[in-house]
Amino acid sequence: MTTTAETQPRAIAGHATREGTARYRDRATRERGAAPGHFRFEQDLWLSSVGIGTYLGEADEETDRAYEDAVFRAVELGANVIDSAVNYRFQRGERSVGAAIRRLIEEGVASRDELVVCTKGGYVPFDSAPPASRAEAREYVERTFVETGVASLTDFVGGSHCMTPRYLQHQLEQSLGNLGLETIDVYYIHNPESQLGGVPSDEFDRRLRAAFRHLERAVARSYIKNYGVATWNGFRVETGAREYHPIERMAEIAREVAGERHHFRFVQLPFNLAMPEALTFANQSYAGEKVSLLEAARALGITVVASASIFQGRVARNLPESIREPLGSLASDAQTAIQFVRSTPGVTTALVGMSSREHVEENLQLARVELAGADDYQRVFEQG
């Protein structure tokens, strides 16, 4: 599925806008019966409470086609948040998303300004297939990044993660090409806590500042509209843990770089029935108070997107009635798990990896379901 300059179609211009996402919201409400609360207004955009992720799957054409169809169907059914990363399925994830977006526009299902397209950079992506050996992986890194002057070997932590400005620019341009877009709506630094395994915190801050400064330039050049960090452990661990990220400090670095009008406006982290730390763990600080990640992000004007909403299916089966009933006794445990995430105050979008049309149609039934009320949501914790 590798594309070249000769075969790649012209990039699609535009980006998500307030007017476009409102138009999508209104159409989904009118034609699909989207329930109140399914769309949330954040960062001057209307985002669906359920979004589609594109992480898992084989690196083959069958999976490519399945993801393309799943993204297409998700947008048809009321999900306008699409999430990927340059390294997902060795760049095939982004290419499947790009193919779906082109189809959506060509067939008149959606316009570019209605879709919130998000992706990530940081990990070595490889191209189309996994390397056959460590030696082949190293040769790819040296040929693609070192010999071209994009990065030195010492810029990579653990041999696989880099976030220098030149590397991020290279990966951003790769993502734009894969997606077939002129502008990405949200660009995340992918798991920046990976850096903390190889550098001290003061050096990490220096690297993050350089990355943020570069991403602000990318905004000015219309490569992206907003940026953020997509983490796995960084926001969920104890304050003193090596991988810990203080979101208040990240926001401070963004202000140092670009002032109050900075574009560090999104964070992504796992949040689900088995990993509720963003809500329950007061491991962040804001204005001298210990608060949860969700509380700190809200105070800082940063939008929270939940990944792993069904934890790769591990919280989508055998749920007890004490959880199912307060969340609406929905048709499936997968729907129940997603309902928990999207009903959480402070979570804007619950991302769900969906590579099949059947799962999209099952999970997007939630677009027509109202959120769990505050009292019912609280009962999940009291009875669960």
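Is Ala 274 buried, partly exposed or exposed? Ala 274 is partly exposed, because its relative accessible area is 44%, where buried means under 20% relative accessible area, exposed means over 50%, and partly exposed lies in between (1.4 Å probe, protein chains only). The model discussed here is predicted: local features need pLDDT of at least 70, side-chain atom pairs count only at pLDDT 80 or more, and totals for chains, interfaces and linings use all residues. Residues are numbered from 1 along each chain as its sequence is written, and side-chain values use heavy atoms, with hydrogens and water left out.

Ala 274 belongs to the loop between strand S8 and helix H8 (277–280). Helices (H or I, at least four residues) and strands (E, at least two) are DSSP runs, numbered from the N terminus. Leaving aside residues up to four places away in sequence, Ala 274 touches Phe 311 and Val 315; contact means heavy atoms within 4.5 Å. Ala 274 and Ala 337 are 63 residues apart in sequence, and their C-alpha atoms are 9.8 Å apart in space.

The next topic is the sheet. Eight strands form a closed barrel in the order S3-S4-S5-S6-S7-S8-S11-S12, with parallel pairing. On average, neighbouring strands of this sheet are turned by 30° against each other, direction ignored. Strands of a sheet pair through backbone hydrogen bonds, either parallel or antiparallel. Here, two strands count as paired if DSSP finds at least two bridges between them.

Strands S4 and S5 run parallel and are joined by 3 bridges, and Asp 83 has Cys 118 in S5 as its bridge partner. Strand S5 (residues 116–121) also pairs in the parallel sense with strand S6 (residues 184–190), over 4 bridges. Within this pair, Lys 120 stands opposite Tyr 188 in S6. Because 6 of the 6 residues of S5 are buried, S5 is largely enclosed by the rest of the structure. Val 116, Cys 118 and Lys 120 point one way from S5, while Val 117, Thr 119 and Gly 121 point the other way.

Strand S6 continues the sheet towards strand S7: the two run parallel and are joined by 6 bridges. Ile 189 stands opposite Val 229 in S7. Strand S7 is mostly covered, with 6 of its 7 residues buried.

Helix H5 (residues 165–179) touches S5, S6 and strand S7 (224–230), and its direction makes about 135° with that of S6. Such axes are lines fitted to C-alpha atoms, for helices over the stretch in contact, and the angles run from 0 to 180 degrees between N-to-C directions. At 1.5 Å a residue, the 15 residues of H5 should span 21 Å, which agrees with the 21 Å between its end C-alpha atoms; the expected span is 1.5 Å times one less than the number of residues. Among the buried residues of H5 are Tyr 167, Leu 168, Leu 172 and Leu 176. Their cover includes helices H3 (92–106), H4 (134–146) and H6 (201–220), together with S5, S6 and S7. Gly 180 follows H5 and has a positive phi, near 70°.

Helix H2 (residues 61–76) has 16 residues and reaches 23 Å from its first C-alpha to its last, close to the 22 Å expected. Its buried residues include Tyr 67, Val 71, Phe 72 and Val 75. What covers the buried residues of H2 includes helix H1 (18–32), strand S3 (50–53), strand S4 (81–83), H3 and H12. Just after H2, Gly 78 takes a positive phi of about 115°.

Most residues other than glycine have a negative phi. Ser 222, in the loop between H6 and S7, has a positive phi of about 65° although it is not a glycine. Gln 312 has a positive phi as well, near 55°, and Gln 312 lies in the loop between S11 and helix H10 (321–324).

A pocket is found on a 1 Å grid over the protein atoms alone, as an open set of points where a 1.4 Å probe fits, with protein on both sides within 12 Å along at least five of seven lines; lining residues have an atom within 4 Å of a point. Of the 33 lining residues, Tyr 55, Leu 56, Ala 308, Gln 312 and Gly 353 are the closest to the centre of the pocket. Strand S12 and helix H12 (357–363) each supply at least two residues of this lining.
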